[in-house]
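Please read this note with the sequence and the structure side by side, and look up each residue as it is named.

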Amino acid sequence: HGLSASRHEGDDTTPIGVFSIGTTMYGNAPNPGTHYPYLRLRCGSWWDENPRSANYNQFVQLPCGTAPRLGASSSEALWRQPKAYASFAVINFNSRRVVGRGSGIFLHVETGSATAGCVALSPAHLVDLLTWLLPTSNPMIALSVAKVLSS
């Protein structure tokens, strides 16, 4: 649903702003060579998107087969998305975890359909980017319309 300066949970918009990149990269595939710590996803790897949860907007690892208390309908089963989440970085949107502001904004592989607010790149471009980023450089991503970025 486009870009939003007032994103909220479930509106499927991409937040406008300048955001840092998370301190860990994740993926269903082996580490493509990132300079960041890399966590290989497995059964039970969730991103908690339940605003009522103590782990809201955070990675959570549960035992495989355990029904998540965080609410499966409002959270992402990351290991069940091998294409989109072959490898991905977290865009630190709502890192203060303000309830209802939004969660789970990632830089991931495009799947041929719209995202729910994430930024999606081709597999090759994503790997190039993830292996180029250096945590010591404190990389940032600017999300906005071209007119604003060029001014």
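**Notes on a predicted model**

1. Not counting residues up to four places away in sequence, Thr34 touches Met25, Leu130 and Thr131. The model is a predicted one, and within it Thr34 is found in the loop between β3 and β4. Thr34 counts as buried because its relative accessible area is 11%, which falls under the 20% cut-off for that word. The side chain of Thr34 also reaches the backbone oxygen of Tyr36, at 3.1 Å.

2. With a relative accessible area of 14%, Asp11 is buried, and its side chain is joined to that of Thr13 by a polar contact of 2.8 Å. If its neighbours within four places in sequence are left aside, Asp11 is in contact with His1, Ser4 and Ser6.

3. Leu3 is found in strand β1, and at 36% relative accessibility this residue counts as partly exposed. Residues up to four places away in sequence again being left out, Leu3 touches Thr13, Thr14, Ile16, Ser144 and Val145. The C-alpha atoms of Leu3 and Asn28 are separated by 28 Å, the two residues being 25 residues apart along the chain.

4. The next point concerns the cysteines. The structure holds one disulfide, which joins Cys43 to Cys64 with an S to S distance of 1.9 Å. The torsion about the S-S bond of Cys43 and Cys64 is about 75 degrees, and the disulfide is therefore right-handed. Because Cys43 lies in the loop between β4 (38–40) and β5 (45–48), while Cys64 lies in the loop between β6 and β7 (76–77), the pair ties together parts that are 21 residues apart in sequence.

5. Another cysteine, Cys118, is buried, with a relative accessible area of 9%.

6. We turn now to the open spaces in the model. Rolling a probe the size of a water molecule over the atoms shows where empty space is left. The largest pocket contains about 350 Å³ of space, and of the 20 residues that line this pocket, Glu49, Glu76, Tyr85, Ala116 and Cys118 lie nearest its centre. Sorted by class, the lining of the largest pocket has five nonpolar, 10 polar and five charged residues.

7. Which strand gives the most to the lining of the second largest pocket? The strands β3 (17–27), β6 (58–61) and β8 (88–91) each supply at least two residues of that lining, and β3 gives the most, with four residues.

Methods
Residues numbered from 1 in each chain as written. Predicted model: local features only at pLDDT ≥ 70, side-chain atom pairs only at ≥ 80, totals over all residues. Heavy atoms only, no water. Buried < 20%, exposed > 50% of the residue type's maximum accessible area, 1.4 Å probe, protein only. Polar contact = N/O pair within 3.5 Å; in protein donor to acceptor, adjacent residues only side chain to side chain. Contact = heavy atoms within 4.5 Å. 1 Å grid on protein atoms, 1.4 Å probe; cavity = no way out; pocket = protein on both sides within 12 Å on 5 of 7 lines; lining within 4 Å. Points joined across faces, edges and corners; volume = space filled by probe spheres on them. Nonpolar A, V, L, I, M, F, W, Y, C, P; charged D, E, K, R; others polar. Disulfide = S-S within 2.5 Å.
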